[in-house]
Amino acid sequence: QVRLVMKAHSFIRENVPRVLSSVKDKSSTVPIPRISQYLYFLFAPTLIYRDNYPRNPMIRWGYVATKFAQVLGSLFYAYYIFVRLCIPQFHNSSQETFNLRGLVLCIFNSILPGVLILFLVFFAFLHCWLNAFAEMLRFADRMFYK
């Protein structure tokens, strides 16, 4: 949701001044972007709207398949970590009476697996998923981390 709101803000911020200046100048044509440009922007891995982006000449489908395989591998690994390290901690605590010491121990024993799952989510979504979509859309500007 936050990503879509940021994209909508960028789209409005780039296009409203152009429309207002053409209305102010009483121009015969109003520079409204096409819906295909907006749809491309919604799926492109960028938060800055432009009418045209640099494009690669072809799609490397092997690269796309590799990135989606890495997403699936990350999901399975996160599931494995969750099932093996997180669920047993809280499963044992559900059979006992509530005490603060047990809750604190469960939370501290789940911190390391939780951080590892966050790293996996970062890698799966922000690296693999966005790179796969960038390749499928032939998006040439791959400076995600700068």
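Analyst: Cys-106 is buried in this predicted model, with a relative accessible area of 7%. Cys-86 also counts as buried, at 7% relative accessibility. Both values fall under the 20% limit that defines a buried residue. Across the protein, buried residues make up 25% of the 146 residues.

Next comes the matter of bonding. A disulfide is a covalent bond between the sulfur atoms of two cysteines. The structure holds zero disulfides. Cys-86 takes part in none, and the nearest cysteine sulfur to its own, that of Cys-106, is 10 Å away. From the side of Cys-106, the closest cysteine sulfur is in Cys-86, and the 10 Å between them is too far for a bond. The cut-off for a disulfide here is a pair of sulfur atoms within 2.5 Å.

As for the setting, the protein is divided into domain 1 (1-53) and domain 2 (55-145). The contact between them takes six residues from domain 1 and eight residues from domain 2. Taken over C-alpha atoms, the centres of the two domains are 32 Å apart.

The largest nonpolar core has nine residues: Phe-11, Tyr-40, Phe-41, Ala-44, Tyr-49, Tyr-53, Ala-134, Leu-137 and Phe-139. Both domain 1 and domain 2 give residues to this core, so it lies between them. One of its members, Phe-11, is in contact with Pro-33, Tyr-38, Phe-41 and Tyr-49, leaving aside neighbours within four places in sequence.

The fold as a whole has four helices and zero strands, and the order of elements from the N terminus is α-α-α-α. The radius of gyration is 23 Å, well over the 15 Å that the globule rule gives for 146 residues, so the protein is more spread out than a compact globule. Along its principal axes the C-alpha trace spans about 75 × 40 × 25 Å.

Among contacts between residues at least 6 apart in sequence, 72% join residues at least 24 apart. The protein exposes about 10700 Å², and carbon and sulfur atoms supply 69% of that area.

To return to the request: Cys-86 is buried, Cys-106 is buried, and their sulfurs, 10 Å apart, are too far from each other for a bond.

Definitions and conventions:
Residues are numbered from 1 along each chain as its sequence is written. This is a predicted model: local features need pLDDT of at least 70, side-chain atom pairs count only at pLDDT 80 or more; totals for chains, interfaces and linings use all residues. Side-chain values use heavy atoms; hydrogens and water are left out. A nonpolar core is a set of buried Ala, Val, Leu, Ile, Met, Phe, Trp, Tyr and Cys residues joined through side-chain atoms within 4.5 Å. Buried means under 20% relative accessible area, exposed over 50%, partly exposed in between (1.4 Å probe, protein chains only). Domain bounds come from an automatic or database domain assignment. Contact means heavy atoms within 4.5 Å. Helices (H or I, at least four residues) and strands (E, at least two) are DSSP runs, numbered from the N terminus. The radius of gyration is taken over C-alpha atoms; the globule rule is 2.2 Å times the number of residues to the power 0.38. Accessible areas come from the Shrake-Rupley method with a 1.4 Å probe; for residues, only the protein chains shown count as cover.
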